[in-house]
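Welcome! Take a moment to look over the sequence and turn the structure around before reading on. The notes below will walk you through it.

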Amino acid sequence: MKKIYTRTGDEGMTGLHGRSRVPKDDIRIEANGCLDELNALVGVIRSFLPPDDEWQELLHAIQKELMVIMSHVATPPGVVNPNVLHALELTKLCETEMDAMMDNLVDHDYFLLPGGSVISAHLQFARTVARRAERRLWTLNREHPLDKGILCFINRLSDLFFVMARMEMQRQNWPEEKWQKFSYKRKNSK
């Protein structure tokens, strides 16, 4: 490719895998835009971490899988996608990582204000982008069923980013800002 621009999208259409074209606001394109934003944000987080940080490998694997997922989202029914999904395996890895972090976190029963360190704040931001991507994927799934592993993986990513944000605060010995106690825990304790 000699030029980055093609001019093929100047009329509001864009291509899917298999060469079909759809409007740029098609739900497939919207979902992929959210996934692309999430992937870029994970790259920002990685740029703040030292190259030898224990999270680099996990976040790199997540970025690569997000690329595979985006290719599947951009593949309409009846077109074969050669990229192999590893979403279910990565979902299990995310769960294992979260369980290990939760074992080392000071528990809380409060809603927390997003923020804190630069890395923690960006992880909280990634959590919200993952939730938006998940909503768009569920909208797409109603029209064109997706591999269930994709939906589970994106759901688990938002949980992972929340736990990582909390762990980063603890790693930096930075106090979390509490908003208010969980109401369901207040009711159960009476």
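R171 is partly exposed, with 30% relative accessible area. Keep in mind that you are looking at a predicted model.

R171 pairs up with D53 in a salt bridge, where the closest N and O atoms are 3.1 Å apart. Since R171 sits in helix 5 (residues 148–171) and D53 in the loop between helix 1 and helix 2 (56–73), the pair ties together parts that are 118 residues apart in sequence. D53 itself counts as buried, at 15% relative accessibility. Through shared partners, salt bridges link D53, E54, E168 and R171 into one network.

## Other salt bridges

How many salt bridges are there? The count comes to 7. One of them joins E37 and R132, with the closest N and O atoms 3.0 Å apart. E37 belongs to helix 1 (residues 27–48) and R132 to helix 4 (residues 118–143), so this pair ties together parts 95 residues apart in sequence. Both partners are partly exposed: E37 at 33% and R132 at 26%.

R131 and E134 also form a salt bridge, at 3.2 Å between the closest N and O atoms. These two are 3 residues apart in helix 4, a separation of about one helical turn. R131 is partly exposed at 29% relative accessibility, while E134 is buried at 11%.

## The whole chain

Now step back. The protein chain has 6 helices and 4 strands, arranged along the sequence as β-β-α-α-α-β-α-α-β-α. Of its 190 residues, 41% count as buried. The chain exposes about 11300 Å², and carbon and sulfur atoms supply 54% of that area.

Methods
Residues are numbered from 1 along each chain as its sequence is written. This is a predicted model: local features need pLDDT of at least 70, side-chain atom pairs count only at pLDDT 80 or more; totals for chains, interfaces and linings use all residues. Side-chain values use heavy atoms; hydrogens and water are left out. Buried means under 20% relative accessible area, exposed over 50%, partly exposed in between (1.4 Å probe, protein chains only). Accessible areas come from the Shrake-Rupley method with a 1.4 Å probe; for residues, only the protein chains shown count as cover. A salt bridge is a side-chain nitrogen of Lys or Arg within 4 Å of a carboxyl oxygen of Asp or Glu.
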